[in-house]
Amino acid sequence: MHSHINAPTQYVTSGKVQYAFRRFGSKGATPILLLQHFTGGMDHWDPKITDGLAAHREVILFDNAGIGASGGETPRTIEEMAEHVKAFVDAIGLEKFDLLGFSMGGMVAQAYTERHGSTVRKLILVGTSPRGGDPTEFQAEVSQRARGDAGLPEMAWLFFGHSESGQKAAAEFWERRHAREIDRDPPTRLDSIMAQVAAGRDWLRPDGERFARLRNITVPTLVANGSRDVMLPTINSFYLQQHIPYAQLIIYPDAGHAPHFQYPDLFLVHAKLFLEA
């Protein structure tokens, strides 16, 4: 059986865009599609998370348009990115699935589920924010560190708790993340990164009544974040839980933007309970 480190990269074309994806895991349960963070591709996931999920269901990793190994141009709005997700799932014949979005991927997951909720069974949102959410007070430092070529020191500050144990977890994640050595994604292009920046800025602006669109997400939803998210402030996770009708919230202690990478074993327990309930 294939796993995170050896699942072959596959391609499917919809319209003018060729999308790169990988799929692996146990078939039978509802498959889960994972949407990645700003500048990140398939190789930026933690194998402990992807293989942990794959023990019970098929996992599908995906590079959105213009990201990693996928072709096309990266959209400059989150909503357009969500339509590329729709084109991709239609192209591979995925009719009903669970959806996990992390950071910018969580924004795309919200936009997708709002528009195409009939295809989503359950939704997991990690380290993300709603449209019109609160911006970070650390914008200057985040902008300096959040780059396509960010190394361990930058990722440890951005994604993890700043305590000794949090930084130790960052180093362990970094080693796991680089376990795959063949058939890796190419780096995300600068033009695609700048398009994502524009999409993130657009997402900060409310569209009508603040948070009203979250009421349109009517699938069971799990929201997760760290206690001190320096990228997308943790208060945004409370906004999501308060305004998505069937949402529950978990805040992980001494953790930052990526609590699932800092506490992978615990997150997998919580995700399994949620997905199998």
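Predicted model: local features only at pLDDT ≥ 70, side-chain atom pairs only at ≥ 80, totals over all residues.
Local features were taken where pLDDT is at least 70 and side-chain atom pairs at pLDDT 80 or more, while totals for chains, interfaces and linings use all residues. Residues are numbered from 1 along each chain as its sequence is written, and side-chain values use heavy atoms, with hydrogens and water left out.

Let's start with the sheet. Eight strands form an open sheet with mixed pairing, in the order S1-S2-S4-S3-S5-S6-S7-S8. Strands and helices here are DSSP runs numbered from the N terminus (strands are E, at least two residues; helices are H or I, at least four), and two strands count as paired if DSSP finds at least two bridges between them. S1 (10–14) and S8 sit at the edges with a single partner strand each, so one side of each has no neighbour in the sheet. From one strand to the next, the twist averages 25 degrees. Angles run from 0 to 180 degrees between N-to-C directions, and axes are lines fitted to C-alpha atoms, for helices over the stretch in contact.

Buried means under 20% relative accessible area, exposed means over 50%, and partly exposed falls in between (1.4 Å probe, protein chains only). Phe97, Leu99 and Gly101 point one way from S5, and Asp98, Leu100 and Phe102 point the other way. To one partner, strand S3 (residues 32–35), S5 is paired in the parallel sense over four bridges, with Leu35 opposite Gly101. To another, strand S6 (residues 120–126), S5 is joined by five bridges, again parallel; here Gly101 stands opposite Leu125.

The pattern carries on past S6. Four bridges link S6 to strand S7 (residues 221–226) in parallel, and Leu125 stands opposite Val223 in S7. S7 in turn pairs with S8 in the parallel sense over six bridges, with Leu222 opposite Gln248. Between S7 and S8 the chain passes through helix H8 (residues 235–243), and this β-α-β crossover is right-handed. Right-handed means that, with the strands pointing away from the viewer, the path from the first strand over the helix to the second runs clockwise.

S5, helix H3 (residues 104–116) and S6 also make a right-handed β-α-β unit. Within H3, Ala109 is buried, with a relative accessible area of 0%. Leaving out residues up to four places away in sequence, Ala109 touches Leu35, Leu99, Gly101, Leu123 and Leu125, where contact means heavy atoms within 4.5 Å. Ala109 and Asp98 are 11 residues apart in sequence, and their C-alpha atoms are 10 Å apart in space.

What about the inside? The largest nonpolar core has 84 residues, and Leu33, Leu53 and Phe88 have the most contacts inside it. Such a core is a set of buried Ala, Val, Leu, Ile, Met, Phe, Trp, Tyr and Cys residues joined through side-chain atoms within 4.5 Å. Neighbours within four places in sequence aside, Leu53 is in contact with Ile32, Leu34, Val59, Leu100, Leu268, Ala271 and Leu275.

Helices pack on one another too. Helix H2 (residues 78–91) meets helix H7 (residues 190–203) at an angle of about 115 degrees, with their axes 8 Å apart. H2 contributes Ile78, Glu79 and Met81 to the contact, and H7 contributes Gln196, Ala199, Asp202 and Trp203. Glu79 is also touched by Arg213, whose other contacts beyond four places in sequence are Glu114, Arg131 and Asp207. Arg213 belongs to the loop between H7 and S7. The C-alpha atoms of Arg213 and Ala111 are separated by 9.2 Å, though the two are 102 residues apart along the chain.

Most residues other than glycine have a negative phi. Ser103, in the loop between S5 and H3, has a positive phi of about 60 degrees although it is not a glycine; Ser103 is buried, at 7% relative accessible area. Asp254 also has a positive phi without being a glycine, at about 50 degrees. Asp254 lies in the loop between S8 (247–252) and helix H9 (259–262), and counts as partly exposed at 33% relative accessibility.
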